[in-house]
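Please open the model in your viewer and keep the selection tool ready. Each stop below tells you what to select and what is there.

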Amino acid sequence: MDGTDTAVTCPVLILLGPPGAGKGTQARMLQEAHGFVQLSTGDLLRAAVAAGTEAGKAAQAVMEAGGLVSDDIVIAILKDRLAEADCARGVILDGFPRTAAQAEALDDLLAQSGQHINAAISLEVDDTAMVSRIAGRFTCGGCGEGYHDLHKPTAVIGICDTCGSSHMKRRADDNTAPVGHRLTEYHAQTAPLLAYYGNRGVLRKLDAMGEIGAIAAALSGLVRAATA
Ligand code: AMP
């Protein structure tokens, strides 16, 4: 892809926040409410690991330890995904960018096709609450719907509300040691991006410690304002 054939035609929204802030849950809800495409580099990398691609093999051990996969791998995966036709509906970046090099690569990629970032929305949370939040989460293996033991349980224990599957998955890197590493990486590598986007006038902050539905409603308002 040389930039002239990218399918991205905006809006482009970024969700920022530490692991456990609710980026995935909220991106999924925004996708349903607004029709944008959720692009989670974590999901793309897990798919690469499951498929046994070269990128997946290189990423697997780093991910299991809670580290950051190399910029080259992540940028290449995101670039390929952005070139797919559905991204013309607009995208919500969930978990990307996570480093200054990724933020700059995204700017370059968008500039090549005359696009820009509508908003980088920071989900503001209390760090100390993140470990327990992460430890309780699980996902339906059938449809990918996300749940939490305390904050968002299934209506019937063990059965997905959305698709009825009983195949529930918990991530290996949601254990305590990798979570600690992921939080450290967030503060060292990703938190500085708040200033990066603040300086460009696209940063929006949202209190994300409350109830999921209320956060989603507030987020929708921000997204509408940023894409009007
Ligand atoms: P997530 O699903 O966003 O929590 O990501 C899970 C893991 O995938 C992270 O802990 C990293 O190991 C890796 N990962 C996801 N996105 C990125 C990224 N943008 N840069 C580097 N590593 C990433």
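Select Gly95 and the ligand. A polar backbone atom of Gly95 lies 2.9 Å from a nitrogen atom of the ligand. That is a polar contact, meaning a pair of N or O atoms within 3.5 Å; within protein, one atom must be able to donate a hydrogen and the other to accept it, and residues adjacent in sequence count only if both atoms are side-chain atoms. The protein buries 96% of the 480 Å² that the ligand exposes when taken alone. Such areas come from the Shrake-Rupley method with a 1.4 Å probe, and for residues only the protein chains shown count as cover.

This is a predicted model, in which local features need pLDDT of at least 70 and side-chain atom pairs count only at pLDDT 80 or more, while totals for chains, interfaces and linings use all residues. Residues are numbered from 1 along each chain as its sequence is written, and side-chain values use heavy atoms, with hydrogens and water left out.

**Around the ligand**

A backbone N or O atom of Gly67 is 2.5 Å from an oxygen atom of the ligand.

Next, show the whole shell. It holds 16 residues, and the closest are Thr41, Arg46, Gly67, Gly95 and Arg98. By type, the shell divides into 6 nonpolar, 5 polar and 5 charged residues. Ala, Val, Leu, Ile, Met, Phe, Trp, Tyr, Cys and Pro count as nonpolar, Asp, Glu, Lys and Arg as charged, and the others, Gly among them, as polar.

Which element gives the largest share of the shell? Select helix H2, residues 41-51: it supplies 4 residues. Helices (H or I, at least four residues) and strands (E, at least two) are DSSP runs, numbered from the N terminus.

**A cis peptide bond**

Move to Pro97. This residue lies in the loop between strand E3 (91-94) and H5. Check the peptide bond from Phe96 to Pro97. That bond is cis, with omega near 0 degrees. For context, most peptide bonds are trans.

**A loop glutamine**

Follow the chain to Gln115, in the loop between helix H5 (100-112) and strand E4 (119-124). Is Gln115 buried or exposed? It is buried, with a relative accessible area of 17%. Buried means under 20% relative accessible area, exposed over 50%, and partly exposed in between (1.4 Å probe, protein chains only).

**Aromatic pairs**

Rings of Phe, Tyr and Trp (its six-membered ring) pair if their centres lie within 6.5 Å; planes under 30 degrees apart count as stacked, over 60 as edge-to-face and the rest as tilted.

Select Phe138 and Tyr147. Their rings are stacked, 5.7 Å centre to centre with 25 degrees between the planes. Phe138 is buried at 11% relative accessible area, and Tyr147 is buried at 5%.

Now select Tyr196 and Tyr197. Their ring centres are 5.0 Å apart and their planes stand at 90 degrees, so this pair is edge-to-face. Tyr196 is partly exposed at 22%, whereas Tyr197 is buried at 0%.

**A charge over a ring**

The charged end of Lys152 sits over the Tyr147 ring, 5.3 Å from its centre. The rule asks for NZ of Lys or CZ of Arg within 6 Å of the ring centre and within 35 degrees of the ring normal. Lys152 lies in the loop between strand E6 (146-148) and E7. With 23% relative accessibility, Lys152 is partly exposed.

Select Lys169 in strand E7 (residues 168-169). Lys169 is partly exposed at 42%. Met168 also lies in E7 and is partly exposed at 23%.

Finish at Ala188 in helix H7 (residues 176-190). Ala188 is exposed at 52%. Its C-alpha atom is 9.0 Å from that of Thr99, 89 residues away along the chain.

Key. A residue is near a molecule or strand if one of its heavy atoms lies within 4 Å of it.
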